[in-house]
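Please keep the sequence and the structure in view while reading.

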Amino acid sequence: MTKRLAITVSGAVSLGSYEAGVMFEILDAIKQHNQDPATLAAGDFIKVDVITGASAGGMTATILAQKLLFEAGSLDGPYSNCLYRPWVSDVGIEELLNQHGKDSPEKSILSSQHVADLSERYITARYAVQTDLRVERHPAGADRISLGLALSNLNGVDYGLPLRPAGQFVYTKHQDQITTRLDGSKPEDFDTLDQWEPLRQAAVSCGAFPFAFGLVDLVRHGADYGPQPPLVTSILPGQRFTYTDGGTFQNEPLGMAKNLVDEIDNHQNSDSRFYLYVSPSAKNPLGVTHDAFNSDKASYVEVAGRLLLAIFQQARYRDWIEAERVNDKIDLFNARAKALHDGLLQPAGADGFITAASLQPMTDSLLPLLFQQNPALQKHESDRLRQQFGQEYEQLTDALGVAAAETYIATLLTLETAAQIGRFDEMKIYGITAEDRELASFELAAFAGFFDRSYRDHDYDVGRQKAQTFLQNPAIALPGEIGPIRYTPQPINEIDEDLNGLTMDKMDREVREKVRDRVRDRVMTILEEMGVEGFIWGPIVREGLNAALITPELNKVLKL
């Protein structure tokens, strides 16, 4: 039986290097597993068919989807693959401080053009060659892959909800997304510049961290937005919206992955469905809670920083928390289904004894009411439960007859529908995360990894190490889990333990000074935009703010 894997890659800034290390190891392991003779004999394959990403994870997700479907060889080589290069070797503080091309000092602190250049190099450069492209499917990739990118729409889209007795309530939604289904069997349609250029632009917008990188305009279409809830905004053909970092409102898009899975699975075969969540942060990723912040320290700069961190923090783990809440409800329902099954099989007079005949009048009365809006759905859901609880159904049929077994299914459907969990499935979620003390790049909201390649190399290898530990864990080989995974790990470079938990004060001072000077220059630009230069005392006020507030605060943050 083929097991299917949906992967969610979180926002990470420079810790995209950690996520790149995790993903190389996972895909290398699945490749080896799917090509192992024992796997080929048993048909026990693992296939990645859904990938979602937010912020930095959006770029990784987009690259992964393309390479799994069409360019498998680019994912080979632990220190030369198409994730290692953009996240470790091809990006750094010198490149990001070198604004060029379409960069503007009025629009970003760092070079957005460099990010765009990387996206072209690793996504659309493939189509610059005017010859027949070599198409190579990766053994870990399914024939079709659903890709989802979390976006933050600064224009917003208006939706309407009905008000009673008349009218509607209109609200603006800024959390946005792009999803698409990519078919690897049709390269003439899906391995083209027309297909991947919009996705490349979306991936860049997905990681456009506010102020650090410039905003990105994307062309959207009415078809991108579903029928529910009803759109109020009229989206014209070729209409552009402006986007910032997708992690602002949805940094861990597990919910998006689940929705894409439902479109594929239709709530069937959940026992062969698994989810992998990849993030460099196991908890408190931005250090918002449990620190020394209080009202006495609430300066303008401190409050602004805290608000920004709080917004991003709020966007993390929400989907995972909701998934575990649903899993708890499903576990409770399954336990009650087992108790009902055991009760029906008890001999008359025993504790827990119950008869199918006593349950049937209840189900006959309630089910028509529960499904009065869609009677055809009742049969569909009954068939699903009959498959889901097939073993219990057979046991009751053998012991008590088909009528009793059917009453059992009808009772389960009544309970499930009344509890409104019928459209949910249990999500078996694996997580590969790290702690700040294990990483080199967590400082400065994870921007510090751009300061030196050695930090990114360190975190890439920590990601590989974490993934290897996960893949070799005996627990994932238990019944109902995704393993065993048959593979031999490739060697990892020696990890410099001195970089574990690296703090700002131990980083290169010259680099920190360059970063301080760049940020200070941009703050001065903002003051000019606000008109501080527009009156006779402007320069004096501006320099006074710099000396008294801007430079001291930046020195504090950068430990200078």
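Which residues does I482 touch, not counting residues up to four places away in sequence? I482 touches K3, L5, I46, F274, Y430 and I476, where contact means heavy atoms within 4.5 Å. The model is predicted, so local features need pLDDT of at least 70 and side-chain atom pairs count only at pLDDT 80 or more, whereas totals for chains, interfaces and linings use all residues. Residues are numbered from 1 along each chain as its sequence is written, and side-chain values use heavy atoms, with hydrogens and water left out.

**Overall composition**

- The chain contains 18 helices and eight strands; helices (H or I, at least four residues) and strands (E, at least two) are DSSP runs, numbered from the N terminus.
- Of the 560 residues in the chain, 49% are buried; buried means under 20% relative accessible area, exposed over 50%, and partly exposed in between, with a 1.4 Å probe and protein chains only.
- Among contacts between residues at least 6 apart in sequence, 76% join residues at least 24 apart.

**Cysteines**

- The structure has zero disulfides, a disulfide being a pair of cysteine sulfur atoms within 2.5 Å.
- C82 counts as buried because its relative accessibility is 1%.
- C206 has a relative accessible area of 0% and is therefore buried.

**Packing of helices α1 and α16**

- Two packed helices are described by the angle between their axes and the distance between the axes.
- The axes of helix α1 (residues 16-35) and helix α16 (residues 453-471) come within 7 Å and cross at roughly 40°; axes are lines fitted to C-alpha atoms, for helices over the stretch in contact, and angles run from 0 to 180 degrees between N-to-C directions.
- Helices α1 and α16 are therefore oblique to each other, since angles under 35 degrees count as roughly parallel, over 145 as roughly antiparallel, 65 to 115 as roughly perpendicular and the rest as oblique.
- The crossing of α1 and α16 is right-handed, a term used if the near helix is turned clockwise from the far one by less than a right angle, and left-handed if anticlockwise.
- On the α1 side, the residues that meet α16 include S17, Y18, F24 and I26, and their partners in α16 include R456, Y460, F470 and L471.
- By class, this contact of α1 with α16 has eleven nonpolar, four polar and five charged residues; Ala, Val, Leu, Ile, Met, Phe, Trp, Tyr, Cys and Pro count as nonpolar, Asp, Glu, Lys and Arg as charged, and the others, Gly among them, as polar.

**The loop between α16 and α17**

- I482 is found in the loop between α16 and α17 (509-529) and is buried, with a relative accessible area of 5%.
- Although I482 and R4 are 478 residues apart along the chain, their C-alpha atoms are separated by 8.8 Å.
- P484 lies in the loop between α16 and α17, and a cis peptide bond with omega of about 0° joins G483 and P484.

**Strand β4**

- T180 is found in strand β4 (residues 168-183), and its C-alpha atom is separated by 5.7 Å from that of S146, 34 residues apart along the chain.
- Not counting residues up to four places away in sequence, T180 touches I145, S146, L147, Q195 and L199.

- S55, in the loop between β2 (46-53) and α3 (56-70), has a positive phi of about 55° although it is not a glycine.
- S55 is buried, with a relative accessible area of 6%.
- A446, in the loop between β8 (429-432) and α16, has a positive phi near 75°.
- A446 counts as buried at 8% relative accessibility.
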